[in-house]
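This report covers the pockets, the metal site, the domains and some backbone details of one model. The sequence and coordinates come first.

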Amino acid sequence: MAALLEVEGLTKSFGSLRAVDSASFAVEDGSITALIGPNGSGKTTLFNMITGYLSPDGGHVRFGGREVTGAASGSLYGRGLTRTFQQARVFTQLTVEENLTVAAGYSWRQLFGRRLSRADRERVAVLLEEFRMSHVADLYASELSYGQRKLLEFAAVLMSQPRLVLLDEPTAGVNPVMIATMEHHIRERHGAGVTFLIVEHDMPFVMRLCDPVVVLDRGHEIFAGPPHAVQSDTRVLDAYLGS
Ligand code: ADP
Ligand code: MG
């Protein structure tokens, strides 16, 4: 497998705090890669730099073999790199269906004028069906449970037909049934060719779903390997036990 995403020496400081400290790892095309690490180890900051929400102080990001360091999030989205947020970001004042529609890049004016291409209309219908959300299509996102909002956010990023999806804690604050649903949809899309990089604290979820696992500690990668090796790695145990 070839690397779809390469992170090399990525660094970001907030004042005197080095949140990400020369982090390097690769996400192979076709993998479901996990990024784990204790709270505050820099996982979200890394996601923010990879997806154009923060500019790095140093280092490189390559996507599909091209340098994309510091590229804007919109431009990356257009190239097939997208993400969800630790606190799900959906438009609560729009309906479920409208959330999917704006994710296709339509302006609010086009949205309210119902000027959608047939292909996009079909894609919205397919996603509503696939995510079993047809019955809530006309509900405002504000009326959904937190878990349903996370699912909607995931469905919405798929409107761009991405090659790589970064999920920031997809199961956090979500009930067990919804966790299983989330896992099902990740597997389905992975089967259809989408590559994933997932930040997650639920270890059974990571062990079932992800290979390889990259471990971050104080902003730097300390381990990258198969899931069965991670639990017995002394550097990883030390990082989690705080010694
Ligand atoms: P993780 O996602 O692994 O829990 P984060 O990337 O959110 O970690 O945070 C890494 C460190 O950087 C933490 O100490 C956090 O408090 C700090 N941090 C994150 N974002 C900011 C910010 N915008 N300003 C200042 N400090 C920040
Ligand atoms: Mg985080």
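## Largest pocket

α2 (73-79), β6 (81-83), α3 (96-103) and α6 (146-157) each contribute at least two residues to the lining of the largest pocket. The top contributor is α2, with 4 residues. Helices (H or I, at least four residues) and strands (E, at least two) are DSSP runs, numbered from the N terminus. The volume of this pocket is about 470 Å³. It has 19 lining residues, and those closest to the centre are Tyr 53, Tyr 77, Arg 83, Phe 85 and Val 157. By class, the lining holds 11 nonpolar, 5 polar and 3 charged residues; Ala, Val, Leu, Ile, Met, Phe, Trp, Tyr, Cys and Pro count as nonpolar, Asp, Glu, Lys and Arg as charged, and the others, Gly among them, as polar.

A pocket here is an open set of points on a 1 Å grid over the protein atoms alone, where a 1.4 Å probe fits, with protein on both sides within 12 Å along at least five of seven lines; lining residues have an atom within 4 Å of a point. Grid points are joined across faces, edges and corners, and the volume is the space filled by probe spheres set on the points.

## Basis of the values

The model is predicted: local features need pLDDT of at least 70, side-chain atom pairs count only at pLDDT 80 or more, and totals for chains, interfaces and linings use all residues. Residues are numbered from 1 along each chain as its sequence is written, chains are lettered from A and ligands numbered from 1 in the order in which they are written, and side-chain values use heavy atoms, with hydrogens and water left out.

## Domains

An automatic or database domain assignment gives the bounds, dividing the chain into domain 1 (1-80 + 162-243) and domain 2 (88-161). Their contact (heavy atoms within 4.5 Å) takes 19 residues from domain 1 and 16 residues from domain 2. The C-alpha centres of the two domains lie 25 Å apart. Both domains give residues to the lining of the largest pocket, so this pocket lies between them.

Of the 8 residues of α3, 7 are buried, namely Val 96, Glu 98, Asn 99, Leu 100, Thr 101, Val 102 and Ala 103. Buried means under 20% relative accessible area, exposed over 50%, and partly exposed in between (1.4 Å probe, protein chains only). Just after α3, Gly 105 has a positive phi of about 100°.

## Second pocket and magnesium

The second largest pocket has a volume of about 200 Å³. Among its 15 lining residues, Gly 40, Ser 41, Gly 42, Lys 43 and Thr 45 are the closest to the centre. β2 (17-28) and α1 (43-50) each supply at least two lining residues, and the lining divides into 3 nonpolar, 8 polar and 4 charged residues.

Thr 44 (OG1) and Gln 86 (OE1) coordinate the magnesium ion (ligand 2) at 2.1 to 2.3 Å. Thr 44 is in helix α1 and Gln 86 in the loop between β6 and α3, so the pair ties together parts 42 residues apart in sequence. Donors are N, O and S atoms within 2.8 Å of the metal (3.2 Å for Na, K and Ca); water is not among the atoms, so sites may look incomplete. Thr 44 is partly exposed at 26% relative accessible area, and Gln 86 is partly exposed at 30%.

## Backbone details

Asp 211 and Pro 212 are joined by a cis peptide bond with omega about 5°. Pro 212 sits in the loop between α8 (203-209) and β9 (213-217).

Ser 22, not a glycine, has a positive phi of about 50°; this residue lies in strand β2 and is partly exposed at 31%. Arg 218, also not a glycine, has a positive phi of about 45°. Arg 218 lies in the loop between β9 and β10 (220-225) and is exposed at 65%.
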